[in-house]
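Please open the structure in the viewer and keep the selection panel at hand.

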Amino acid sequence: MFVSMRSEWLRGGCIALVLAVALTVGTADGQLRIEIRSGVERPVPMAIVPFGWDGPGVPPFDIAGLVTADLGNSGRFDPIPESDMLSRPTQASEVNFNDWRILDVDVLLIGQLIEAAPDRYTIVFQLFDVLRGEQLLGFRLSTARADLRAAGHRVADMVYLQLTGIRGVFSTSIAYVNETPNPDGSRRFRLIVADSDGENSRVIADSPDPLMSPAWSPDGRRIAYVSFEGEYSAIYVQTLRTGARDRVSSQEGVNSAPAFSPDGRRLALTLSRDNGNLDIYTIDLATQVLRRLTQGSSIDTEPAWSADGEWIYFTSDRAGGPQVYRIPSVPPVDRAERVTFEGSYNARPRMAPDGDSLAVVHRNQDNYRIALVDPDTGLVQVLTNGRLDESPSFAPNGAQIIYATREAGRGVLASVSSDGRIRRQIASVAGDVREPVWSPYPLP
Amino acid sequence: MTRLKLLFVCLAIALIGAGCTGPEVTVPEESTGSAVPPAGGNADDSPSGVVTTGLPGPGGANISELTLQEQTLVTENLVVYFEFDRSDVRSDFNAMLAAHGRLLAANPGVAVRLEGHADERGTREYNIGLGERRSQSVRQILLLQGAAGSQLSTISYGEERPAVFGSDEGSWSLNRRVELVYD
């Protein structure tokens, strides 16, 4: 029933890109804030009415504000300002659809936050098709106070799925590296996990030596990363809930670029061992058995698994400049196939969740940009327009890629839709922010 | 501190032995364009023509012969710079590395750590590879000059520890480097 409406929006056609729409949402200290830099052809006009509050004092959380930010930041929706609303219904009996039709709003979201018991809250929400005057979605969620933000993201995910047919990623997380200067001129490196909107950031590792290459386990419970503590490089796997970590590789020389296999049992990694020559290996996390996948004097690094775990894509300069190759993840190996041919520099591949494309860093004249490569044809589609864009990471729904870029000499995060049409910046408030990696979907 | 000073003394003597001519060698070569980092030794790549005999062992006997300028020269000769996306050592660093190699050969108890770095362009993990390859290039030269493998360790920081923060060729050229760090 709603499908017809969706296709109608999609048919909206080529209306000029919405450029430089600056939308700033909640900026807590040390958090990130999101600005939309370019938009979808025609974002869907919608109204998200402030939720009613049934409880003493002021509401503990602004659910409608969070949902407005999430859906607005996606670039696919255009929530109208509260000041334009002619009425503020909080339940279905109060809705007058003409109040919304006159504002050219297609979809209406209303709801209530209810304190059901001490530290127990109920969120009730309903989504309406304004033109037809029909309810599209109606749900009731129950949660503790500490989880109200997460519940708000869940509401946004449900609305997004209903209206686009695509699973939302508002409840997912991102990890990234933050570098800040200390007053004495030394540097401080922090590994941070935050909600996908950049809020709710938590430091999971803090070091005077570089931290790099964070990678999520497929269950989202662990993060592998490289630390240079003690003046040599080593790979650690840290459990998020406890903060406990294991050092899984501390070979002589380079220990770099960890990537979990899709089943979470193995890590692909890059080692130089004693001869200084970087090659791709896998390590079985349970048995510590190390397998070497590449040979030779080239730099072979930045391994990434295919979704089925059968292939490992990686960067190699075996033919001169860095290009993307792939190799079977289990022996017999060393029959690497070259994947990229267009341009002099294609590196750090990341496979899309559906396996149909690779995100890479592609040099375009003297600019480093995020591009999609078709692994079968080698065709390259450049998605971004920065000078030093790097570290692409797909959202688990494949619809967006988060990456690192520069703004006024500082490292900041940005995301781009996989069709290149919606770009938004996630600006940091302090220091240099880089190497973003998008988490998998949270476990149910 | 005393040990470091002693090393500088030995190093300066080794540099003199390699045919370095004095402070003027730190002037950047004009022919290689702007913002070229200080060359690491005599720009003249030819053999010194001087066969040195019997490096003085550790001791204070030669300290008085070191000028302040020579000490400055020594401290400035602990970094090798590289061209963009290259890991071969430029010929203007040969004399400097020859001196370091002989210093190490004459002092088996001394160890040096070779820290490889890249500029910020390109991907971070590939740059770890580039930094490692650069430190290996320096390692090979030091081995050829008589240093023992056990005296040399390498690490690559890629682009994670720039010497200079900046996004221009002047900064990049100072960040593409291997630092020789004596224990």
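**Conventions**

This is a predicted model, in which local features need pLDDT of at least 70, side-chain atom pairs count only at pLDDT 80 or more, and totals for chains, interfaces and linings use all residues. Residues are numbered from 1 along each chain as its sequence is written, chains are lettered from A and ligands numbered from 1 in the order in which they are written, and side-chain values use heavy atoms, with hydrogens and water left out.

**Stop 1: the interface**

Select the residues of each chain in contact with the other (heavy atoms within 4.5 Å). Chain A contributes 40 residues and chain B contributes 24 residues. The buried area is about 2,700 Å², with 53% given by carbon and sulfur atoms; buried area is the accessible area (1.4 Å probe) that two parts lose on being put together, summed over both.

Next, select Arg124(B), Glu125(B) and Tyr126(B): they supply 28% of the area that chain B buries against chain A, more than any other three residues.

**Stop 2: polar links across the interface**

Between chain B and chain A there are 13 residue pairs in polar contact, both at pLDDT 80 or more. A polar contact is a pair of N or O atoms within 3.5 Å; within protein, one must be able to donate a hydrogen and the other to accept it, and residues adjacent in sequence count only if both atoms are side-chain atoms.

On the side of chain B that touches chain A, helix H4 (124-144) gives the most, with nine residues. That side divides into eight nonpolar, six polar and 10 charged residues, where Ala, Val, Leu, Ile, Met, Phe, Trp, Tyr, Cys and Pro count as nonpolar, Asp, Glu, Lys and Arg as charged, and the others, Gly among them, as polar.

**Stop 3: salt bridges**

A salt bridge is a side-chain nitrogen of Lys or Arg within 4 Å of a carboxyl oxygen of Asp or Glu. The whole structure holds 29 salt bridges over all chains, and six salt bridges are counted between chain B and chain A. Select Glu120(B) and Arg406(A), whose side chains form a salt bridge (2.8 Å, N to O). Then select Asp317(A) and Arg133(B), which are also joined by a salt bridge (2.8 Å, N to O). Asp317(A) is in the loop between strand E20 (311-316) and strand E21 (323-328) of chain A, while Arg133(B) belongs to helix H4 of chain B.

Stop 4: Finally, select Ala150(A), Ser171(A), Ser173(A), Pro442(A) and Leu443(A), the closest to the centre of the largest pocket among its 44 lining residues. H4(A) gives the most to this lining, with nine residues.

Note on methods:
Helix = DSSP H or I, 4+ residues; strand = E, 2+ residues; numbered from the N terminus. 1 Å grid on protein atoms, 1.4 Å probe; cavity = no way out; pocket = protein on both sides within 12 Å on 5 of 7 lines; lining within 4 Å.
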